[in-house]
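Subject: Handover of a structure and findings

Dear colleague,

I am pleased to hand over the structure below for your records. The findings follow directly after it.

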Amino acid sequence: MEDMMPLMTHATERTAGLVGAVRPEQLGFSTPCEKFDVKDLINHLEWVAEMFESLAHQGPSVEQGLYAGDFPARAERTLAAWSRPEAWEGASPAMGLPMTALAHMYLVDMVVHGWDLARATGQEYEPHPEAVSRALYFTDQMVEMGRQRGVFGPPVAVPDDAPQFDRLLGIIGRDPAWTP
């Protein structure tokens, strides 16, 4: 928990800042995540925040609702839920995975979807290097399960000596060179 909370907090706050800077006319822009435009991506982030808040309380999976435009508030509640030591204990009844694995899943969502949103809306984005390192290591371990569940797309080839973030993007099916 001590090493993950700062990474989760930084990634969440960074992504919330990106969401807050989206202009109404950008909501229909395409994103590197092919199934989402900007509005759908923000709605997905709202659901991610709500889902991981529930999971941190050993609660159920939740269904994605309609776009509400309140990601930053939801994200704050998620971080508050994960700041409790008991949130890190055992496994999630809803997901059947260790709570530490769920925290890493959340980190991957914040880091990658932050990039998706920044790319789509022309904002600057530089994730924390340690968050990228942790997300890449975790994703390497879970990528096949993620693909089976439809969370990750087919891999995009990147050079072996590419920066870690580009390798993370490629593993999960994003083209690091994507432009709108």
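W115, Y125 and F165 form one aromatic cluster in this predicted model. The structure holds four aromatic pairs. One of them joins W115 and F165 in an edge-to-face arrangement, with 6.4 Å from centre to centre and 80 degrees between the planes. This pair links distant parts of the chain, since W115 belongs to helix α4 and F165 to helix α6 (residues 164–172), 50 residues apart. W115 has a relative accessibility of 5% and therefore counts as buried. F165 is also buried, at a relative accessible area of 12%; the cut-off for this class is under 20%.

Two packed helices are described by the angle between their axes and the distance between the axes.

**α4 with α1**

Helix α1 and helix α4 pack at an angle of about 30 degrees, and their axes are 9 Å apart. The two helices are therefore roughly parallel to each other, because angles under 35 degrees fall in that class. Their crossing is left-handed. On the α1 side the contact is made by M4, L7, M8, A11, T12, T15, L18 and V19, and on the α4 side by A103, H104, Y106, L107, M110, V111, G114, L117 and A118. By class, the residues of the contact of α1 with α4 are 13 nonpolar, four polar and no charged.

T15 deserves a separate entry. This residue lies in helix α1, which spans residues 4–20. T15 counts as buried, because its relative accessibility is 0%. Apart from neighbours within four places in sequence, T15 is in contact with L45, F71, M110 and G114.

**α4 with α3**

Helix α3 (residues 71–82) packs against α4 at an angle of about 155 degrees, with the axes 13 Å apart. Angles over 145 degrees are classed as roughly antiparallel, so α3 and α4 are roughly antiparallel to each other. The crossing of these two helices is left-handed. F71, T78 and W82 of α3 make the contact with M99, L102, A103, Y106 and M110 of α4.

Not counting residues up to four places away in sequence, A56 touches A81, W82, R84, A87 and M99. A56 and A103 are 47 residues apart in sequence, with 8.7 Å between their C-alpha atoms.

**α4 with α5**

Helix α4 (residues 99–121) and helix α5 (residues 129–148) pack at an angle of about 120 degrees, with their axes 9 Å apart. That angle makes α4 oblique to α5. Here, too, α4 passes α5 in a left-handed crossing. In α4, the residues A101, H104, M105, L107, V108 and V111 meet A131, V132, R134, A135, F138 and T139 in α5. The contact of α4 with α5 divides into nine nonpolar residues, two polar and one charged.

A131 is found in helix α5. At 2% relative accessibility, A131 counts as buried. Leaving aside neighbours within four places in sequence, A131 is in contact with L7, L107 and V111. A131 and R174 lie 43 residues apart in sequence and 17 Å apart in space, C-alpha to C-alpha.

**A backbone entry**

Q58 has a positive phi of about 60 degrees, although it is not a glycine. Q58 is placed in the loop between α2 (38–56) and α3. Its relative accessibility of 32% means that Q58 counts as partly exposed.

Yours sincerely

How values were computed. Residues are numbered from 1 along each chain as its sequence is written. This is a predicted model: local features need pLDDT of at least 70, side-chain atom pairs count only at pLDDT 80 or more; totals for chains, interfaces and linings use all residues. Side-chain values use heavy atoms; hydrogens and water are left out. Axes are lines fitted to C-alpha atoms, for helices over the stretch in contact, and angles run from 0 to 180 degrees between N-to-C directions. Helices (H or I, at least four residues) and strands (E, at least two) are DSSP runs, numbered from the N terminus. Angles under 35 degrees count as roughly parallel, over 145 as roughly antiparallel, 65 to 115 as roughly perpendicular and the rest as oblique. A crossing is left-handed if the near helix is turned anticlockwise from the far one by less than a right angle, and right-handed if clockwise. Contact means heavy atoms within 4.5 Å. Ala, Val, Leu, Ile, Met, Phe, Trp, Tyr, Cys and Pro count as nonpolar, Asp, Glu, Lys and Arg as charged, and the others, Gly among them, as polar. Rings of Phe, Tyr and Trp (its six-membered ring) pair if their centres lie within 6.5 Å; planes under 30 degrees apart count as stacked, over 60 as edge-to-face and the rest as tilted. Buried means under 20% relative accessible area, exposed over 50%, partly exposed in between (1.4 Å probe, protein chains only).
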